[in-house]
Amino acid sequence: MDLFSIGFVSFIAVFLILYYVLPKRFQPVILLFANILFYLVAGKWNLIFIMVTALTVWAGALKIGSFSDEYKKKRKDAGSDKEEKKRLKEKYLRKKRIVLALVLLINFGILAYMKYFRVLAGFKGGLLLPLGISFYTFQAAGYLIDVYGGKYDPEKRFPDFLLFVSFFPQLIQGPINRFDALKEQFKKDHVLTSEKVKNAVFLILYGLMKKYAVANMLSDSIEAVLGGDTASMPGSLIVFSILMYSAEQYADFSGGIDIVLGVAKLFDIEMMPNFRQPYFSTSLEDFWRRWHISLGAWMRDYVFYPFALLKFNQKAGKWSSEHINKHFGRVLPAAISNIVVFFLVGIWHGAYLHYVLWGLYNGLIIALADMLSPVFQS
């Protein structure tokens with residue numbers, strides 16, 4: 001369903017009327033029904049795939065939560081027996097890790113098959129890529145990891161969890177939201193005010209301007225240059241087209257994000273921002289803090305920090321501090337982690353070698369910049 005279509009506008013209008021006219025206790029139900037209908041309209045297979053993710057992650061989180069509760073009870077029964085407490089901790093941690101690994105393997109396995117393996121194997125026809133599969137897989141995985149880490153208790157009501165995973169505006173172009181940021185918003189009563197409508201409509205119009213006026217206006221001209229015989233063209237025209245391609249990419253992606261953020265605001269739901277003036281960045285690292293913010297935050301919390309804290313990474317840093325210099329040893333775990341993160345970011349964007357190389361290039365540049373920072377500052 002295109003963001004700038006009569007169908008999408010009609011869909012939003014109908015559910016906004018139901019959302020604010022019917023009793024407020026029905027608002028979560030109306031929103032959940034809107035999500036389900038949206039996926040059915042987009043294709044029946046979309047609903048099947050997102051239900052598999054929702055069910056496996058919800059059940060996995062409940063199981064992890066039950067293990068945590070059992071551990072607390074048995075730890076209390078163990079009294080002052082330190083050895084027994086240690087044994088119980090290791091036992092239940094192992095159980096939780098098995099559930100976490102199994103559920104993540106199922107969901108990232110589905111994502112890998114649908115987005116990468118089928119492409120690399122050259123499969124033709126069959127199922128299309130499910131709508132928003134990367135976004136809702138990462139979002140659900142983040143929730144499961146947070147429950148595993150004890151950040152919050154698992155959601156016991158499946159409809160409430162499904163509402164979080166399937167919230168339709170976020171799955172068109174992102175962002176990747178967090179459960180603790182949305183769960184209370186879904187539960188509270190929402191009232192429509194002129195100020196909320198004004199802010200939402202302004203954001204939607206701003207996004208439409210960027211996506212359909214700027215990006216679409218540039219795309220044909222850029223394609224005419226970069227898709228033509230570049231050997232016979234002036235170098236300045238090619239360079240200018242490359243710069244305009246960057247502008248087109250930003251206008252298209254950030255414009256779409258503005259539209260869906262505005263749509264969510266109409267339902268009085270605040271989602272995570274995804275852009276913060278990336279082309280005003282002072283470095284490549286700063287650029288990635290401003291571009292696709294929700295993906296960067298996800299990678300930071302669930303890949304970068306855990307990987308940087310792994311024993312082998314910490315040992316490599318300690319060895320480097322003792323045998324090379326303290327600065328190199330201090331930044332080495334972060335540098336290695338950045339390379340891993342951007343390798344994954346490259347894969348996120350597509351199942352082709354140039355995406356992987358692009359990701360590794362960014363990771364290596366950021367890693368080298370951190371390592372050589374004393375040279376630049378001297």
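In this predicted model, the side chains of Asp 286 and Arg 289 meet in a salt bridge, at 4.0 Å from N to O. A salt bridge here is a side-chain nitrogen of Lys or Arg within 4 Å of a carboxyl oxygen of Asp or Glu. Being 3 residues apart in helix H11, Asp 286 and Arg 289 are separated by about one helical turn. Helices are DSSP runs (H or I, at least four residues), numbered from the N terminus. Salt bridges that share partners join Glu 285, Asp 286, Arg 289 and Arg 290 into one network. Asp 286 counts as buried, at 11% relative accessibility. Arg 289 is partly exposed, with a relative accessible area of 46%. Buried means under 20% relative accessible area, exposed over 50%, and partly exposed in between (1.4 Å probe, protein chains only).

Residues are numbered from 1 along each chain as its sequence is written, and side-chain values use heavy atoms, with hydrogens and water left out. Because the model is predicted, local features need pLDDT of at least 70 and side-chain atom pairs count only at pLDDT 80 or more, whereas totals for chains, interfaces and linings use all residues.

The structure holds 15 salt bridges. Side chains of opposite charge can pair when their charged atoms come close. One of the pairs is formed by the side chains of Lys 196 and Asp 268, at 3.2 Å from N to O. This pair links distant parts of the chain, 72 residues apart. Lys 196 lies in helix H9 (residues 194-226). Asp 268 lies in the loop between helix H10 (235-266) and helix H11 (284-290). Lys 196 is partly exposed, at 28% relative accessible area, whereas Asp 268 is buried, at 12%.

A further salt bridge joins the side chains of Arg 157 and Asp 160, at 3.0 Å from N to O. Arg 157 is partly exposed, with a relative accessible area of 48%. Asp 160 also takes part in a helix contact: Asp 160, Phe 161, Leu 163 and Phe 164 in H6 meet Phe 179, Leu 182, Phe 186 and Lys 187 in H8. Contact means heavy atoms within 4.5 Å. By class, this contact has 6 nonpolar, no polar and 2 charged residues. Ala, Val, Leu, Ile, Met, Phe, Trp, Tyr, Cys and Pro count as nonpolar, Asp, Glu, Lys and Arg as charged, and the others, Gly among them, as polar.

The axes of helix H6 (residues 158-166) and helix H8 (residues 179-187) come within 10 Å and cross at roughly 115°. Axes are lines fitted to C-alpha atoms, for helices over the stretch in contact, and angles run from 0 to 180 degrees between N-to-C directions. The crossing of H6 and H8 is right-handed, the near helix being turned clockwise from the far one by less than a right angle.

Key:
Helix = DSSP H or I, 4+ residues; strand = E, 2+ residues; numbered from the N terminus.
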